[in-house]
Amino acid sequence: MPHTASRYLAEGPRVGIRHFTYEDGAEFTARARESKQLHQPWLFPPDSESAYLAYAGRLIEDRTKAGFLVCEKDGELGDGAIAGYININNIVEGGFQCGALGYGAFAHAAGRGLMREGLNLVVDHAFGPMRLHRLEINAQPRNTGSLALARSCGFRLEGFSPKMIYIDGDWRDHERWAITAEMRASG
């Protein structure tokens, strides 16, 4: 039987992660529109073709960003259906080797553990092939789903930043969570 290369950068039992492509726009934006009630007031992923092209373009072309789609393997919506996304933003190399994570599940995948599996794959990829040392998550204190995901993947609470990030017309407070390569190796 010939060996076929996986379409994923990394795989777990139920999901694989891969980079964004421009061709993912129709599925991504449809899932974003279906998930508005789940996302708001926390997230505002692109829900139109033009917004997606600009968003994906930044993730594809900017070396300080890396975008990953969490895709369900053999799921109810078909093999490779996009369950969510995880982006590493503000990647700083040199002595820092750090990036800031942002993520969102789509409604059909929420609460099923797919994003936990996907985030663990992204963390391993970041500390492995990407050679990062530290990953940070900034989440609004009332975003219990995001905080639970950070905690379940081994991130530790490091602090609170009032009025840290401008979202939906206002400066929002955030909790700061982080994990390092050493924490991951010993965990």
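Modeller: Of the contacts in the chain with a separation of 6 or more, 62% are between residues 24 or more positions apart; a contact means heavy atoms within 4.5 Å. This is a predicted model, in which local features need pLDDT of at least 70 and side-chain atom pairs count only at pLDDT 80 or more, while totals for chains, interfaces and linings use all residues. Residues are numbered from 1 along each chain as its sequence is written, and side-chain values use heavy atoms, leaving out hydrogens and water.

Strands are DSSP runs of E with at least two residues, helices are runs of H or I with at least four, and both are numbered from the N terminus. T180 counts as buried because its relative accessibility is 9%; buried means under 20% relative accessible area, with a 1.4 Å probe and protein chains only. Leaving aside residues up to four places away in sequence, T180 touches F127, H133 and R134.

Stepping back, the chain holds 6 helices and 8 strands, and their order along the sequence is β-β-α-α-α-β-β-β-α-β-α-β-β-α. Of its 187 residues, 47% count as buried. The C-alpha atoms fill a box of roughly 50 × 40 × 30 Å along the principal axes.

Note on methods: Buried < 20%, exposed > 50% of the residue type's maximum accessible area, 1.4 Å probe, protein only.
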